[in-house]
Amino acid sequence: MCRNIHTLHNFEPPATPDEVHAAALQYVRKISGTNKPSQTNQAAFDLAVEEITAATTRLLEGLTTNAPPKDREVEAAKARARAEVRFARS
């Protein structure tokens, strides 16, 4: 599950609210051990996602760096190349 959480800091364009929410959702799914909580736990699950989204947004807004922003397309191409090597069938 956590393979879907990607670095969100120092990209151009910056991470969107949807990307931050998706990362928070994956985090809560991993921590809770469930993809879809029961109705009894749904409120707690949703609250956790909301709070982690807010905390992540604050974190990203507060971080600074001297490094130039990374290009999303270039980083995605690098990730695809690594995956091809990793999952290549001999």
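The legends below describe close-up views of a predicted model.

**View 1. Helix α2 from end to end.** Helix α2 runs over residues 42-62 and so contains 21 residues. From its first C-alpha to its last, helix α2 reaches 30 Å, which is close to the 30 Å expected at 1.5 Å a residue.

**View 2. The buried and exposed sides of helix α2.** Phe45, Val49 and Thr53 are buried in α2, and because they cover an arc of only 75 degrees around the axis, they are placed on the same side of the helix. On the other side of α2, the exposed residues are Ala43, Ala44, Glu50, Arg58, Glu61 and Gly62. What lies over the buried residues of α2? The cover includes helix α1, which is formed by residues 17-32.

View 3. When residues up to four places away in sequence are not counted, threonine 53 touches Val20, His21 and Ala24.

**View 4. Valine 20 and the residues it touches.** Valine 20 has its place in helix α1, where it is buried, with a relative accessible area of 5%. Which residues does valine 20 touch, not counting residues up to four places away in sequence? They are Leu8, Ala15, Thr53, Thr56, Thr57 and Leu60. Histidine 9 can be located from valine 20 as well, for the two residues are 11 residues apart in sequence and 10 Å apart in space, taken from C-alpha to C-alpha.

View 5. The structure holds two salt bridges, and in one of them the side chains of arginine 72 and glutamate 19 meet at 3.3 Å, from N to O. Arginine 72 lies in helix α3 (residues 72-86) and glutamate 19 lies in helix α1, so this pair ties together parts that are 53 residues apart in sequence.

View 6. Because glutamate 75 and lysine 78 are three residues apart in helix α3, about one helical turn separates them. Glutamate 75 counts as partly exposed at 25% relative accessibility, while lysine 78 is partly exposed with a relative accessible area of 42%.

**View 7. The length of helix α3 and its N-terminal cap.** The 15 residues of α3 should span 21 Å at 1.5 Å a residue, and this agrees with the end C-alpha atoms, which are 21 Å apart. How is the N-terminal end of α3 capped? Aspartate 71 caps this end, with a side-chain oxygen that lies 2.8 Å from the backbone nitrogen of glutamate 73.

Note on methods:
Residues are numbered from 1 along each chain as its sequence is written. This is a predicted model: local features need pLDDT of at least 70, side-chain atom pairs count only at pLDDT 80 or more; totals for chains, interfaces and linings use all residues. Side-chain values use heavy atoms; hydrogens and water are left out. Helices (H or I, at least four residues) and strands (E, at least two) are DSSP runs, numbered from the N terminus. The expected span of a helix is 1.5 Å times one less than its number of residues. Buried means under 20% relative accessible area, exposed over 50%, partly exposed in between (1.4 Å probe, protein chains only). The arc is that of the directions from the helix axis to the C-beta atoms. Contact means heavy atoms within 4.5 Å. A salt bridge is a side-chain nitrogen of Lys or Arg within 4 Å of a carboxyl oxygen of Asp or Glu. A polar contact is a pair of N or O atoms within 3.5 Å; within protein, one must be able to donate a hydrogen and the other to accept it, and residues adjacent in sequence count only if both atoms are side-chain atoms.
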